[in-house]
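Subject: Handing over the structure

Dear colleague,

I am passing on to you the structure that we spoke about, with some notes to read beside it. Please look through the sequence and the coordinates before you go on to what I found.

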Amino acid sequence: MSRPPIVRFLLATSLASFVLSPAVQAQDSASSAEGEPGPEQGAPGSDDGGAAAETGPVPPSVIELVEAPWPADVEAGEEPVAVLLEIVIGADGQVGEAQVLGGPEAFHAAALAAVRASRFGAARVEGEPVEARIRFEYVFRPPPPPEPPPPPATGVLEGRVLAPEGDEGIAGARVLVTSSSGAGVERETTVGEDGAFAFEDLPPGEYFVVLDAVGFDGAEATETVVPGEATAVTYRLRLSSGAADEGGLVARARVDPPPREVTRRRIRQEELTQIPGTRGDALRAIEILPGVGRPPFGTGQIIIRGSAPNDSEVFIEGIPVPLLYHFGGLTSVYNSRLLTQIDFIPGNFSSRYGRRIGGIIEVETRDPASDGLHGVVEFGVIDTSVLAEFPIGENASMALGFRRSLIDLVFSSIVPDSIGVTQVPVYYDWQTVLSWRPTSKDRIRFQHYGASDAFELFLDDGLGSDPAVSGNLGLTTRFGTFQMGWDRQINDDTELDVDAAYGPQALDFGLGNSLDFELFVHQFYLRTEVRQRVNDWYKLTYGADLSLSPFRVDFTGPPQQQQEGAGEFDPLSSADISTTSLSELAGRPGVYVENEFRPTDEFQLIAGLRFDYDDRTQDYAIDPRLVANWDVTEGLRLKGGVGLYSQPPEFNESAPEVGNPDLDMIHSVHVGAGFEYEIAEGFRVGVDGFYKYLWDRVVSTESGVEPFFSNEGIGRIYGAEISGKLEQGPGRPFFAYLSYTLSRSERRDRPGEPWRLFDFDQTHIFTLSGVYNLPKGWSLGATMRVVSGNPTTPVIGGIYDSLNNVYQPVNGRINSIRNPNFHRLDFRVEKKWTFQSWNLALFLDIQNIYNRQNQEGLSFNFDYSESTPINGLPIIPALGLRGEL
Amino acid sequence: MRRDTLRLTALLALALVGCGDTLDPVSLVTRPRVLGFELSVQGDAERTTPRPGETLDLTLPFAFPAEAQGIDFVGVACLGVDVGFGIPFCASEDSVIAPLASRSVAPDVPAVSFTVPADFPADGELLVIAAACAGGVVDPELLASALDITAPPTGGLEVCADGVGTGDLLQSVIPLQRAAEDSNQRPLPLVDVRLGDRPLAPDPGGVPGSPCSGMGLENFVVDGGDVELIVASAAGTFDDFFVLDGDDQPVSRVEAMQHALLITAGEVEANFIFTEREDLVEDTTYTLPTTEDRPPGPEGSLERLWFSIRDERGGLRVESRAYCLVPGA
């Protein structure tokens, strides 16, 4: 077989430019030229063109070089890889023989395949195409590095689901997240022993989180997922009401924020701070709960199930709070964004709580954020506030909050000229929280919080019909509480809580020279509690608390008398004004024990006993309490309880000289029963009936003669509450509360007198509140309240007191008529913008949107022959701007 | 106590700031108004504090918005019970010292006298409770219904027979003189009363609203303008007295004078003016009526101001002044 003439060329190729190398290996050419025709002259693509054709053989040229892929099994480096081939290019330009002469073996096949698929221009000798054998270096260039992945368009929601105390995860807890926007994202997971969970690759936005675990109350939360960030949360589930160590009580209504702690700012009391008419104040959301009466204008009093405001107590982390609201009742004294949850217990409360016969509100605060600096700044027309949270080291975090009212900026303009403003109304409050977890079993928390309210008006002489009402009218309240709490998980079955607090409290109220009340208290409070799970069906809780109150009272004014049920008060002018100073120590220790029996998973019985002593009256009380809960079926719970409750008289009532130191404690029995039923997913209803009987109530002596007060009063309160709650959830971007209370609260002040209505008896209390979360950060809400008018005492006229030149009112039957029914609609709209690392919200909260003139009382002319209504708050639009980092 | 105080403060502040409709000011006389019990011990006319065994004269001055009316006065003087608050009442029906009754014909006012028993209890309180009906007569049955003298009143307070007249129920504790330091003298007459820096002449009598031209009164134009009303007390009107402090120790005090203002037209900024020994002259603003409120005739309109001066220890003196309200130019 004859071999074609071969011209040997060495071509250097470039995959990028497809340009033939001009270098011709002379040695190869010489050897290949033997007996073989030379390359054709002027081959296409040849740089030397026709000049070569005229002078000698023209080497083959590359017309189209196929690019070979980098072998998949070879890791690409930075340097190119060359494979040396020997190929035969026919006169027609086709590649014939081809063999590898050198280069990495992994590249051989690819190089051969690529060359064979490439097109060449034939070599020419004297202008004629000839077959040529050439060496061809095929160069593989490493593939370019992969493009960096686009930034993630998703975020992560991760965290832990923990038991109510300690660091123990709730194994088996189910966590379901659903996008609030209706985008259809829904994920679910079940947590392991450590309680940890994580949802990755969640599109950004708000998610509705539902937690469910056997033996625990379910919980809900709304979280925000930010692109590229991990939102870390910790949820603490409460033992189910049937298993709660102190809960599960009859008619316990819990404001239902998710029980949890937060390690990131975004976790917030979404529903509580959205209630229309509250300006986002979580503590004011208490007003919408069943059993909560409507306080009259501007008092901020807590009226629970027909009990006097002084009969109920508010606790923050187990420590009583002297004041819950600033004056006007528009704002609470504690920043809502530091709260975890609010437990509202209108009756049959645990033995843990003493010295009160009404209801209990327990406010729990959260740990400050520990994952970096966070903050909230809110500007409103009523007040403005700032909150900052940050970690300190690895185990501690801190929060600082401050709020100041802005009413003073406009107050002077709304006061008549005849009233001078000595001190414009100003309130402020502050919170400092330091949380430290030195070990996994200990949590220590320091708090310092307080509030100050002050205003003072100067009244021209003789502004009204009472000549004594002149001079300065002022009110100042101040308190600051230093509080320390230590929670320790002693072992798997035993927990210890120690809370201690100290705080000065001051109250100064004055009206000219006729009335002045100054109280200063050094309030000490100590509580220690141990909770021990003895076995699967028995849990023991025991503890002690001590309230120690060295106080001083300076009082100038008329003889004291009971405030409730007093009708229209006498003018100051007609009273004998006297001055009294008193410095005493009030010590009130208490011990309690609570036994929780759970013979089956469905039934729970709590038997408690509390002992209280009041050293001022030297009286004591032993109060047994019993509560039972029965989960009849899934979703249906029956509950009932009965117990005794006792309360010492107020300081002023038992003070020597101005009061009666021989008073006894006030007592009450609470009886309650009811049920809760979950009609459908996220839709719960409850009905509670209650009865309270009060005895040894402190009342004025007849005509107010010494000893001024006695324990002759009794009372009875009975009624029913209906509650409904529609929870926000998958496919339901709204929530609603419904409450209706039907009740009657009566008092009898002395034996033989007829029963009368309590000052704040409200037969019907209806509240409907709801919030709809719209797309794009909008939310709309409204709260409607319809309440029976408060009882009031008709004034049938006046009798002229010549000595003091004033008419004294003649009261008709105490509380025998009512103010007109109260109704009010509040509205709230909010727009929230979510940015990469912060949120901005603009809200408008309008209280009393249709400006209802709700009558709160009557103002009389000089001789009580004419009157005019005193109306409550008019429409109050509150515009606010809130930024959250 | 704290929450009750807050409640009271809020309601008081609200009432003062005024969220409801306003009522007629207390100073404007729109009906017959009792000005108090003027007391005078027989034989010592300027003393208001009777000793047990002494006789006390009691008169009942009135202010009228228009023509003066006759007044029917019925009541009792009795030993009152001790009350801490509320309206005082007699200890019992047996505790009545004397029935009181007087029917006056305008322009006179009721006047009664009674003698404090010599054996009046040392710690007892002398009380007068009564009813007065201006322009009518007191109905004994209505009075009995309205005023159980042995208990606080609880029913309707109408006392005028057939609904004719303007009735008032009245009461006053009469301070007694058990020791020399208890003695109290009536307030002295005012030294000066000026309106718009013009001295107001003593009241010449006459019916408010009637023509006043030629009566020698100061003229003021009915323009609704503000003028300064100045009241000057006599330096000697302020008695020293003693009160017991919390330890029952006597503490020396000086009286302050309360001047209650009543007017037939216009408006005063302060219904009461207080003067003290160190500050004898006080003032307030008087707003003259407007034509809409009080259109004067071409002869002017007689307007009256009453000053009931109290030492707040039982002493009362009533004085009145007048001016002539005239149309504008």
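Strands, in what follows, are DSSP runs of E with at least two residues, and they are numbered from the N terminus. Please keep in mind throughout that this is a predicted model.

Leaving aside residues up to four places away in sequence, A:Q523 touches A:Y502, A:G503, A:Q505 and A:S549. A:W436, in turn, is 87 residues from A:Q523 along the chain, and the C-alpha atoms of the two are separated by 25 Å.

On confidence, the predictor gives the complex an ipTM of 0.94 and a pTM of 0.76. Chain B has a mean pLDDT of 89, with 92% of its residues at 70 or more, but two stretches call for care. Over residues 1–8 of chain B pLDDT stays under 50, and the model has 15 contacts beyond four places in sequence for them; over residues 15–20 of chain B pLDDT likewise stays under 50, with 14 such contacts.

Chain A contains five helices and 50 strands, and 49% of its 885 residues count as buried. Of the contacts in chain A between residues at least 6 apart in sequence, 65% join residues that are at least 24 apart.

One sheet of chain A is open and has four strands in the order β11-β10-β13-β14, paired antiparallel. Its edges are formed by β11 (186–190) and β14 (219–225), each of which has a single partner strand, so that one side of each is left without a neighbour in the sheet. From one strand to the next the twist averages 20 degrees. Within this sheet, strand β10 (residues 174–179) of chain A pairs with β11(A) in the antiparallel sense over five bridges, and A:V177 has A:R187 in β11(A) as its bridge partner.

In β22(A), the covered face holds A:H374, A:V376, A:E378 and A:G380, while the uncovered face holds A:G375, A:V377 and A:F379. A hairpin of two residues leads from β22(A) to β23(A), and six bridges join β22(A) to β23 (residues 383–392), the two running antiparallel; here A:V377 has A:V386 as its bridge partner. Strand β22(A) is also joined, by five bridges and again antiparallel, to strand β50 (residues 876–884) of chain A, where A:G880 is the bridge partner of A:G380.

Lastly, which residues touch the most other members of the largest nonpolar core? In this core of 89 residues they are B:F62, B:I129, B:A131, B:A132, B:V159 and B:L169. Strand β8 (residues 125–134) of chain B supplies the largest share of the core, with nine residues. A second, separate core has 67 residues, including A:L338, A:Y353, A:F555 and A:V699.

With kind regards

How values were computed. Residues numbered from 1 in each chain as written. Chains lettered and ligands numbered in written order. Predicted model: local features only at pLDDT ≥ 70, side-chain atom pairs only at ≥ 80, totals over all residues. pLDDT = per-residue confidence, 0-100. Contact = placed C-beta atoms within 7 Å. Core = buried A, V, L, I, M, F, W, Y, C linked by C-beta atoms within 7 Å. Buried ≥ 20, exposed ≤ 12 C-beta atoms within 10 Å, placed from the backbone. Pairing = 2+ DSSP bridges. Axes fitted to C-alpha atoms, helices over the stretch in contact; angles between N-to-C directions.
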